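I opened this notebook to record what I looked up on strand pairing, helix packing and aromatic rings. The entries follow the order of the look-ups.

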Amino acid sequence: MTNKNPLPPSLGRQLNFTTGQMNALCQAWLAPHGLSLPQWVVLSCLWREGEISIGLLAERVGTGLPATSRIVDRMEDRGLLVKRKDPEDRRSVQIAVTAAGQALDHLARFYDHINEALLAGFTPTERSLAFDLLARMEHNARAAQERDGP
């Protein structure tokens, strides 16, 4: 059956569908390691940066502090991370990877596998352009929010 009223082109819809498929792929590839995508993002940040404050971790992974705290709590319960009071500022909590979390560092470049899957068949120029266009769209969305406000 043919759709007589096709939906108009929508970047939002296409990005949403693409993100959904990418997230499903990530979850399928990370599940055998007992990780979710948000947990891998946290570990990836800590593998690169070492022990950091929970506030900086939230900023680096791009989620709010409450969401990051929940992810960290679950990972601490599993023995992947440890929280420590900052000796210089007792109000600040530092997050570090445990030996169990470090044992998963073979997944540090997991994003390379995802990039290869998503960019299969793209030329090197198209790959570079894809990143550039997405970064420009993100910039434009931020600028529109700042300009137009709530």
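In what order do the three strands form the open sheet? I find the order β1-β3-β2, with antiparallel pairing, where strands (E, at least two residues) and helices (H or I, at least four) are DSSP runs numbered from the N terminus, and two strands pair if DSSP finds at least two bridges between them.

For provenance, I note that this is a predicted model, in which local features need pLDDT of at least 70 and side-chain atom pairs pLDDT 80 or more, while totals for chains, interfaces and linings use all residues. Residues are numbered from 1 along each chain as its sequence is written, and side-chain values use heavy atoms, leaving out hydrogens and water.

I then looked up the edges: β1 (52–53) and β2 (81–85) each pair on one side only. Two bridges join β1 to β3 (residues 93–97), and Ser-53 stands opposite Gln-94 in β3.

Next came the aromatic rings, where a search of the whole structure gave two pairs (ring centres within 6.5 Å, using the six-membered ring of Trp; planes under 30 degrees apart are stacked, over 60 edge-to-face, the rest tilted). The rings of Trp-40 and Tyr-111 have centres 6.5 Å apart and planes at 55 degrees, so I logged the pair as tilted. Because Trp-40 lies in helix α2 (residues 37–49) and Tyr-111 in helix α6 (residues 110–118), the pair ties together parts 71 residues apart in sequence. Ring pairs link Trp-40, Phe-110 and Tyr-111 into a cluster.

Last, I checked accessibility: Trp-40 is buried at 8% relative accessible area, whereas Tyr-111 is partly exposed at 34% (buried is under 20%, exposed over 50%, partly exposed in between, with a 1.4 Å probe and protein chains only).
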